[in-house]
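Biologist: I would like to learn how to read the features of a model. Can we take them one by one?

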Amino acid sequence: MDKNQFKAGHPVHTYLLEEELITTLLEELINTDPNEEFQKFYNLFNHLSTVERRFERKENQLFPFLEQKGWTGPSRNMWSFHDTIREIFRIIRKNIDEKDLNSAMENTEYAGQNLRNLIAVEKTVLFPNALDILTEDEWMKMREGEDEIGWMLSKPPAKYPEDNQYVHPSADTVVRTDVVFDENASHFDEGYMTIDQVNLLFRTLPLDLTYVDENDRVIFYNRGEERVFPRSAGIIGREVKFCHPPKSVDTVLKIVEAFRKGEQNEASFWFNYKEKLIYVRYFAVRDAQKNYRGVIEMSQDISETKKIEGERRLLEWE
């Protein structure tokens, strides 16, 4: 598969550009001895670590489009490959932090083998099948969502098509006519707000909120300026079992089932993620008759909150 068969900005063109970058970085990294050129090795490893952006685009953009067409294999299987590589990278970073540089070199070669195997599957199976399954309009929609996640590349890829300009959520005021909402969608228990005001409220909240309905499909997430975990438009309508890594999906499904049966109403977790302390809570949603109507997932970075001591009763902007 040659990137030149695609126009710049096409998601597959971007994946193939990143593939070239990964190959170059791997070759240089494996041929760099950290015992002699530590800083160079460290910088190359950090650059290669941005492969996380590539994984997140596949998991949150490409896979959901394929699921909608009935192909769930990538979500079920390839996500596990991503997690394996993530774990190897975590070990390499630990090796570097502990100055165990010989182990770092060995594990880098292991990471390289896994990355090359993954790329081979992408080029021979994932991308060819995706190109057969998805329409041009779907690739265009996918490209729009990529801006929210990012790339390994030093510069953002071209728009696709070139005149397809990304509209930031804060400027998206077009009233959609292709979506049928529930007749009570604008009703609130107390008070009155316009749709615009509701959107502003959710965008301003310092929380990641995701709503999974009683049919186990994601129907909403808020678009804050800085999210804890990446989200993009492709997740809307997606089954919740495909929205979590394979290693955690069983726990999520256990929570959903306990909520559905009325056995539990809340579940909480907290853990370190990218040098931040993340607090994740799940709440059962029930109507006035106590019927199960879904799950709310709330995620928040509480690193700074954890540091609070004493009191602050005065305004301290300076």
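Modeller: Start with a side-chain pair. A polar contact of 3.1 Å joins the side chains of Glu297 and Arg231. The term means a pair of N or O atoms within 3.5 Å; within protein, one must be able to donate a hydrogen and the other to accept it, and residues adjacent in sequence count only if both atoms are side-chain atoms.

Biologist: What kind of model is this, and what is left out?

Modeller: This is a predicted model: local features need pLDDT of at least 70, side-chain atom pairs count only at pLDDT 80 or more, and totals for chains, interfaces and linings use all residues. Side-chain values use heavy atoms, without hydrogens and water, and residues are numbered from 1 along each chain as its sequence is written.

Biologist: Is Glu297 buried or exposed?

Modeller: Buried means under 20% relative accessible area, exposed over 50%, partly exposed in between (1.4 Å probe, protein chains only). Glu297 has 10% relative accessibility, so the residue counts as buried.

Biologist: Where is Glu297 found, and which residues does Glu297 touch?

Modeller: Helices (H or I, at least four residues) and strands (E, at least two) are DSSP runs, numbered from the N terminus. Glu297 is found in strand β5. Contact means heavy atoms within 4.5 Å. Leaving aside residues up to four places away in sequence, Glu297 touches Asp208, Leu209, Thr210, Arg231, His244, Val280, Arg281 and Tyr282.

Biologist: How many cavities does a search of the whole structure find?

Modeller: Work on a 1 Å grid over the protein atoms alone: a cavity is a set of points where a 1.4 Å probe fits but cannot get out, and lining residues have an atom within 4 Å of a point. Grid points are joined across faces, edges and corners, and a volume is the space filled by probe spheres set on the points. The search finds two cavities of 30 Å³ or more. Of the 14 residues that line the largest cavity, the closest to its centre are Thr210, Val212, Val240, His244 and Glu297.

Biologist: Which elements give two or more residues to that lining?

Modeller: They are β1 (208-213), α8 (246-260) and β5 (292-301). The largest share, three residues, comes from β5. The lining of the largest cavity divides into ten nonpolar, two polar and two charged residues.

Biologist: Now a loop residue. What does Lys69 touch?

Modeller: Lys69 sits in the loop between α3 (51-68) and α4 (73-97). Apart from residues up to four places away in sequence, Lys69 touches Ile133, Leu134, Thr135 and Glu138. The side chains of Lys69 and Glu138 make a polar contact (2.9 Å). Lys69 and Leu134 are 65 residues apart in sequence and 7.9 Å apart in space, C-alpha to C-alpha. With a relative accessible area of 39%, Lys69 is partly exposed.

Biologist: And the backbone? Which peptide bond is cis?

Modeller: Look at omega. The bond from Tyr160 to Pro161 is cis, with omega near -5 degrees. Pro161 is in the loop between α6 (136-146) and α7 (195-204).

Biologist: What is phi of Lys99?

Modeller: Phi of Lys99 is near 60 degrees, a positive value in a residue other than glycine. Lys99 lies in the loop between α4 and α5 (101-133) and is exposed, at 55% relative accessible area.

Note on methods: On a 1 Å grid over the protein atoms alone, a cavity is a set of points where a 1.4 Å probe fits but cannot get out, and a pocket is an open set with protein on both sides within 12 Å along at least five of seven lines; lining residues have an atom within 4 Å of a point. Ala, Val, Leu, Ile, Met, Phe, Trp, Tyr, Cys and Pro count as nonpolar, Asp, Glu, Lys and Arg as charged, and the others, Gly among them, as polar.
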